[in-house]
Amino acid sequence: MSILLSAHGLQKSFGARSLFENLHFVIETRDRIGLIGANGTGKSTLLKILAGKIDSDQGKFAIPRGMRVGYLAQVPELSLDLTIEDEILKGFPDSSELDAHSLTLEWMAKLNLSSQGLSSKTRLGNLSGGWQKKVALIKELVKEPDILLLDEPTNHLDIESIMWLEDLLIRAPFALVLVTHDRLFLQKVTTRIFELGKQFEQGVLDVRGNYSDYLELRENRLSQQRAEEIVLKNKLRRETEWLRRGPKARTTKQQARIERAGELKEEVKELEFRNRSKDISLEFQTSQKQPKRFIEAKSISKSYGSTRLFENFSVFIGPGSRVGLLGMNGCGKSTLIRCLLGEEEVDDGHLIRAEPLKVAYFEQKRESLDPTQTVKQTLCPGGDSVIYRGKPVHIRGYLDRFLFSKEQSEIAVGKLSGGEQARLLLAKLMLKEAQVLVLDEPTNDLDIQTLDILQGCLVDFEGAVILVSHDRYFLDQVTNEILAFPSQTSPQREIIRFSDLWQWENGRKDLRDSKPIKKESVSEPLEKKKKKLSYHEVRELGMMEEKIHQAESKLCALEREAGLTENQSNSQKLTELYQQISGIQNEIENLYLRWAELEKKSNEYGT
């Protein structure tokens, strides 16, 4: 394979905030690279630099002369007054020398516009966000790029469209660099993973392989790095103790060893910085009153004009229900949710709801966030504290749980990034007691680490969850029932019930066939784990080493105290100390047993 692009020493900052620095990498023909990392690490910025949209602060990258680069922005810039045909023709180098009509028909066929009642003459302003994104993608593909850069290409696409895009990219003859949080999409499409993050040496982890290969190597790399920190800290402690023995010891020490102690200190500081991690802290409040039935729908139907959205639909939602809604954009998922919550009347059938029904709603477009208010005003408009689980919590400490800095608390919501707005909405919802959590496309803009935490939090929630998501892996991990809407061209309007996503995928070619579908074995490396660690167990495991360290430090202090001369001659004091020592020894033994238990569960079933 030949090199398409090489980058050396790339660096980019916004104000005093450094996104990345000293990045080195090469991209070769046929590379299919997934670019991932936490929100704020500079993924979209790096794509813009590679696309020539902005400049880096330092460093350079080289591309062969004549190489064609395609770039699909997270929010495509389109002329909404133009037709689909005219917008696509803008993507050709010289449309005057091309048979515009035949080329347009070719791409229209690939888009399958007619299935949605659209044509090449449809104005872009009349299209949904998902269809606008498809047109923007085709506009880049007609350039026949050597490398295509994609920023969150699955956002605002329904699952059928994502699978269409998946198939297109798997068979594509060009190299890819794509930013996405969709783990199953990464697994199927990519052959290489770049993770941006300051926890890695050189600021990037480069793994050749698919997403599951990356997960394994990443954990090994970070485990080695944490172990290296412990070894170096112990070595530095021994060196420091030697240097503190006195002038005699220092005079007999070679100068090189003294200098090495200084170098060790810097290495330890660097590893401490790279191993330091801080994750968002999520825990929704469950309502104290938990009736056995939150919502029950019996044979309900709904139409808009002559369009029948669903008919003869029944569902029971109670504690532990995890319902996922699947269907093309515009099929009626949001309408069904509004009907179930009593915000909209049904045409036929009967609905029963708990009174009062406590609902926390994560809206796809985040309508409940006022873009003119500050972050602080959004959560506590009348003071400096919020009420969480019945107790006042200072706003600074509460915002810290969601990784908002002190400066960000005074920023207007409209100036936050998409990921920051999503985190703010989660922070707002956590202040409400809820029996039912409704989440409409919550995965848009959130990074993979935050999605993992949200996923565990939803699994542990004691109430019910209604989830609309195009992220197949997230959907399969959280839900225990899939309600699939038929396509708009289907003559029947019955919502079909599936036990999980894989059963739906096997039967999606004909959702009208409601016969039980044999669930075949799933070969996906990202298959759902049935006995994974809960969110609280993950947190417990993460803090276990620190708990053991504190207990062992306390034990050493007690043993030193017991060894003092004045205590050795005081039988009463010595008895008290030995009782404390025995208690802390039992505590340490139990901590080690619990640690082994959690580690075994984590290794066998995954976190």
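Two strands count as paired if DSSP finds at least two bridges between them, and strands and helices here are DSSP runs numbered from the N terminus, with at least two residues (E) for a strand and at least four (H or I) for a helix. Hello everyone, let's walk through this one together. It is a predicted model, so local features need pLDDT of at least 70 and side-chain atom pairs count only at pLDDT 80 or more, while totals for chains, interfaces and linings use all residues. Residues are numbered from 1 along each chain as its sequence is written, and side-chain values use heavy atoms, leaving out hydrogens and water.

Let's start with the sheet. Six strands make an open, mixed sheet, running β5-β6-β7-β3-β8-β9. At the edges you'll find β5 (69-72) and β9 (204-208); each has a single partner strand, so one side of each has no neighbour in the sheet. From one strand to the next, the twist averages 15 degrees.

Now look at β6 (residues 147-151) and β7 (residues 175-179): they pair in the parallel sense over five bridges, and Leu148 stands opposite Leu176 in β7. Helix α4 (residues 129-141) packs on this sheet and touches β5 and β6, where contact means heavy atoms within 4.5 Å. The direction of α4 makes about 175 degrees with that of β5; axes are lines fitted to C-alpha atoms, for helices over the stretch in contact, and angles run from 0 to 180 degrees between N-to-C directions.

Which residues in α4 meet α5? They are Lys134, Leu137, Ile138 and Leu141, and on the α5 side the partners are Ser161, Trp164, Leu165 and Leu168. Lys134 also lies over the face of Trp131, 4.2 Å from the ring centre; for that, NZ of Lys or CZ of Arg must be within 6 Å of the ring centre and within 35 degrees of the ring normal.

On to the aromatics: there are six pairs in the structure. Rings of Phe, Tyr and Trp (its six-membered ring) pair if their centres lie within 6.5 Å, with planes under 30 degrees apart called stacked, over 60 edge-to-face and the rest tilted. Phe310 and Phe313 have ring centres 6.5 Å apart and planes at 70 degrees, so they are edge-to-face. Tyr388 and Tyr398 sit at 6.0 Å and 50 degrees, so that pair is tilted.
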